[in-house]
Amino acid sequence: MREWDQFTFPLGTREGLADDARALHELLHYAGLPDRYHDASTLFRRLERQADRRGVMAGAETFEVPDAYVRAIGAVTDSGPVLRDLPRTGAGAPGLSRDAARAALLAPDPEQVPLPRAPAAAPFAGRDRASVEDLVRRVLHDDTRMDHGRNWAGPGRPPLDVGRYAVVRDGGEGRTQSAPWTDPYVVMARAGGDHVTLRTPLGSVRLTEAEDFAALVANDPHRPPGADIVLAVRGLPEGSLGLPQAVRSATGSRVWTPVDATLRLVTVRGHRTTERMELSGSDPRWEATTTAQDADPFAHLRAARLVTDAYTTAAPGGSVLFQRLPLTRLEAFHAVDPADPDSPALVLPVQRFDEVLVRDRPGIEVSQDRTLAIDSGGLSRHAYATQQAVDDANVRLAAAGSKVRLAADPAVSLTLRRGDGLPHPPLLRIAPRFLTRSGRSDEEACRDFAQMVSGEVRASHMVFRAPGDRVATGRISALDTAEVTGTHHLAESLTRVAGGLVAPAATGPAWAAAQIGRDDRGVGGQGGAPLPGREYGGALSYEYADSPERDALTEAARRIGINEAAWAGVGEGYLVQSVNAANAEGLASLDVNYAKPGGGNGSHYGYHFACVVLASEDGRSQLTLENHPRVGRTRAETTDAVEANLRQSAGELRSVEASLARRLRQAEDAGATAADTAALRARARLAEVLVAAKEARDRRAPAQDQERTLRQAATVMLKTAPMVEGREQWYFRAYSRRPGESMHETHAALLSGHDSAEANPLTLVVLHGHGEPLHRFIAFDESGAVADGGRFKLDQLAEHLVRVGLWNRDHGLPLPSVRLTGHGDGRVPHRDLELTAAMADGIRTDLRARIADLLRQRGSVVDASDFTFSVASGLHREDGTTRGREVTFDIDHWRSGDDSEADR
C-alpha cells in the first residue's frame with residue numbers, strides 16, 4: 001500500500017470518509033499548516049503536551065478545523081505579495097491584448113499598503129537537525145532558568161520582581177505600579193538592529209527570524225502552559241521585530257511588550273536586592289498582543305488581584321511587616337577551621353522564617369473595601385484588618401467553637417488612602433492565638449490542622465446553599481487520608497449534568513445532599529466509590545472556549561453552591577477533593593488531572609482542607625488559616641544535604657568528625673548548657689554516620705549496605721538540622737468573590753500556568769463537629785450521682801448543642817431538640833420510674849446551665865430556654881442490654897438533606 005503524503009493521495013485505501021479527512025489533512029499543508037500530532041522522533045512534537053489533542057492536523061480521522069488553524073491560514077495567505085492572474089490573450093480569446101495584459105500585470109497597486117512582516121516558512125528553516133539540537137541545548141541551558149522564565153540577558157543578575165514595574169515619564173516623574181499579569185513567564189534578552197541576542201553560559205546566540213525565537217519560547221519545558229509571556233527584551237525597535245506576533249502564534253498565550261517606552265532593568269536595593277523592569281517615555285506602558293479575532297475568551301474569568309504599595313505604616317522601618325514561610329538553604333558549618341570558608345564542613349539544611357520589614361515596602365493584596373490586606377509576595381503568618389473586622393470574626397469563631405482567636409497588634413498598622421485623599425481606617429497587624437493546651441499549633445496535615453482550628457472536632461457535614469434556596473447539608477466522613485465520603489458520588493452525578501442527562505435547573509442544595517447520601521460507607525478510600533475523574537475533570541477543563549459540558553457544570557455549581565460558587569463563612573471550612581479516575585487496570589488513580597490537559601501529571605494530593613477565620617467588612621473577601629504536610633519535600637531536602645556532604649572526601653569528613661568530637665568533650669568539661677551539649681553531640685553523631693556512608697560508597701560496598709548507610713545518614717540529618725517544625729508553618733491565604741479569586745479557582749488553577757495540587761478538583765463548604773456526639777449516655781453511680789466522666793460528657797454535649805444551635809439559627813433552622821431518657825439497672829422496674837425521671841430531669845437542668853454559660857461567654861442573644869428538652873423514663877432499652885443507671889440522649893439537628901434519598 002502506498003503511503004499518504006502531500007504529494008501522494010492513494011484514494012480508496014481507507015474506508016468511509018477517512019479518505020476525505022486524510023486528503024484534507026494533506027491539502028492543508030499547502031495552506032501553511034504543519035502536522036500537529038504527537039511524534040517522538042520530531043524536535044517540537046516529541047512531548048504529548050506539545051501536540052494538539054484534536055483537529056484535522058492532529059489526526060486523520062476528523063474534519064475538525066479549529067479556530068487556531070483558520071488564523072494560521074489567514075496569517076500565511078496575508079503575509080506574501082499579491083499573486084495576479086494573467087488573463088487569456090491571443091486571437092479569438094476573450095480578454096485583453098498581450099500588451100494590455102502585460103501592462104495590467106505589472107501595474108503598481110493604486111495604494112501601497114505596508115505589509116506585515118512575512119513569517120519564515122518554518123522555525124529554523126535552512127538549519128540541519130544537528131545544528132538545531134545544539135542551538136536548543138545552548139539556549140535552554142539550566143543556568144538560563146530563573147524563577148519566572150528565562151534569563152538570556154546575561155548571568156549574575158539578582159532575582160527579578162515580576163509583580164511590579166517602574167514607570168518614568170518624560171520630565172522625570174516616576175512611580176512603581178502593579179504589573180497587569182499574574183504569574184507570568186518572563187523572557188529577558190537584548191535586541192539590536194534586525195536580530196535578537198541570547199546570552200548563554202555556552203556563548204551568545206544571534207537570531208534573525210522571529211519564528212526561531214518563538215519556537216524556543218514555545219518549546220521551553222519549564223514554561224507553564226497558558227501563562228502570560230512578558231518580553232523583557234531591551235532595545236526592541238518599532239514593530240518589535242515581529243516577536244510578539246510570532247510568540248503569540250506559537251504558544252497561544254497572551255504576550256506583553258512595552259509600547260511607547262524604552263525598557264531598562266534596574267537594581268533595587270533594600271532588605272534584599274532585586275531587579276525590576278523600568279519603562280521610560282512619554283506614555284510608557286505594557287500592551288498585550290491580542291486582536292479582536294483571537295482575544296482571550298477567558299479574560300473575564302482570570303484573577304486580577306488588587307495589589308498596591310500605596311500605603312503608609314505606623315511603625316519603625318525595622319519592624320516586621322510579614323513573616324513568610326521559610327525556604328530551605330544548605331549552610332556549611334566549618335568545624336575544623338571556622339575562619340576558613342574552604343575548610344571541611346558539615347553541610348546542614350537550615351530553615352528560618354523570612355521576615356519582611358516595613359522598610360522593604362512590599363506589595364500588599366487588599367480587599368475591595370480596603371478592610372483586609374495580606375502579603376502579595378508569599379505565604380505569610382501575618383495579615384492586616386480593621387478592628388471591626390477582627391471583632392466580628394472573633395464573635396463568629398467563638399460561636400463556631402473554634403480553637404483560634406485573632407489578636408490585633410496596633411503597634412504595626414497600614415493605612416491606605418481613598419480616592420478622595422482621605423485615609424481608610426488603619427489595618428492592624430493580626431496573628432492567630434491558638435486556644436489549644438500547648439498554646440500553639442499542634443498539627444501539620446491539612447485535615448488535622450482544620451480539625452484543631454475548628455475546635456478539635458472532626459469534619460462532619462458538607463453545606464450546600466444558593467441564593468433563594470434553602471440550605472441543605474450532607475453527612476460525611478473524613479477519616480480516610482485521601483477521600484472524603486460522598487464526594488465521588490456527587491462528582492458522578494455532576495457528570496450526568498455535564499452530559500445533558502440531568503438539567504442544571506433540576507439541581508440545587510437538596511439534590512446535592514441527596515447525592516452525598518448515596519454513599520453509605522463509614523470511611524472513604526476503601527473501595528466502593530465511583531471513579532468519575534476523567535469525565536468530571538474533562539467537564540471542568542478550559543481546553544476549549546466553547547464547552548457545553550463546562551457551561552452545564554458551572555450552572556449546576558451556581559445552583560448548588562460548590563466549586564467557584566462555594567463560599568464559606570467565618571467558622572466554616574473548605575474541602576478541595578481530588579476526584580479519582582480509573583487507570584489502565586481499573587484502579588483508582590490521581591495520576592492524571594483531566595481538568596487541566598497539558599499540565600503536569602503525576603502525584604496529586606487527595607484533598608485539602610482550610611478554615612475561614614476572617615472576612616472583610618463587606619463580606620466579599622476572606623482569609624483562611626491553612627497548613628499542609630511537607631514530608632516529601634523535607635525528605636528530598638534531607639537527601640540533598642546528605643549528598644552535599646558526601647561530595648567531600650572521606651578524609652575531610654573524618655576531620656570534621658574528629659573536630660566535633662573534640663569540641664563536644666571540651667563543652668562537657670567546661671559545663672556547657674544541656675542544649676549546647678546536645679547540639680554538639682547530634683552533629684558529632686551525624687558526622688560519624690556520614691563517614692560510614694562515604695566509606696561504603698568509596699569501597700563499592702553492596703548496594704543494600706550503601707542504601708542502609710544513606711538512610712541512616714538521612715535519619716540523623718533530619719534530627720540534627722535546624723528546621724522549622726511543620727506544625728508551625730501555618731499561613732493565611734486570601735480569597736474573594738471577584739472572578740478567579742475563589743477557593744476553587746485558586747486551588748484548581750485551571751486558567752493559570754501552575755500545576756494544580758489536586759486532580760479533577762471538587763470544592764465544597766464543610767462543617768466540623770456537627771455530627772452525632774461520640775458519647776451517647778451519662779452514667780450514674782449507685783448513690784444516684786453522676787458517675788466519673790459524666791461531667792466531661794455534659795461539657796461536650798453542651799458545646800455541641802451550642803455550636804449546632806447557633807449555626808442553625810443563622811441559617812433559619814430550628815435549634816436542635818434533645819430527648820433525655822433515664823434508665824435504671826432493671827432490677828426493680830417499678831421503683832425505677834420515679835428515679836429515672838429524676839435523673840433525666842437533673843441532666844436537663846445541668847445542661848441548660850452549661851448552655852447558658854456558653855451562650856453568655858459568646859455574647860449570643862439566644863437563651864438557653866430556647867433549646868427544647870423532653871424527658872422520659874425507660875424500663876427497657878431498645879437493644880435489650882443492661883448497663884446500670886444512665887441517661888441516654890437523642891438529638892434532632894433539624895438538618896435538611898442528612899437523610900435524603902438520592903434521586904437516581
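Helix H10 (residues 509–517) is mostly covered, with seven of its nine residues buried, where buried means under 20% relative accessible area with a 1.4 Å probe and protein chains only. The model is predicted, so that local features need pLDDT of at least 70 and side-chain atom pairs count only at pLDDT 80 or more, while totals for chains, interfaces and linings use all residues. Residues are numbered from 1 along each chain as its sequence is written, and side-chain values use heavy atoms, leaving out hydrogens and water.

The buried residues of H10 are Pro509, Trp511, Ala512, Ala513, Ala514, Gln515 and Ile516.

| Covering element | Residues |
|---|---|
| strand E24 | residues 459–464 |
| strand E25 | residues 472–475 |
| helix H9 | residues 487–498 |
| helix H12 | residues 548–560 |

Helix H12 also meets helix H11 (residues 533–540): their axes, lines fitted to C-alpha atoms over the stretch in contact, come within 7 Å and cross at roughly 90°. That angle makes H11 roughly perpendicular to H12, a term that spans 65 to 115 degrees. Tyr536, Ala539 and Leu540 in H11 meet Glu549, Arg550 and Leu553 in H12.

Strand E3 (residues 160–169) and E4 run antiparallel and are joined by five bridges, and Tyr165 has Gln177 in E4 as its bridge partner.

How values were computed
Buried < 20%, exposed > 50% of the residue type's maximum accessible area, 1.4 Å probe, protein only. Helix = DSSP H or I, 4+ residues; strand = E, 2+ residues; numbered from the N terminus. Contact = heavy atoms within 4.5 Å. Axes fitted to C-alpha atoms, helices over the stretch in contact; angles between N-to-C directions. Parallel < 35°, antiparallel > 145°, perpendicular 65-115°, else oblique. Pairing = 2+ DSSP bridges.
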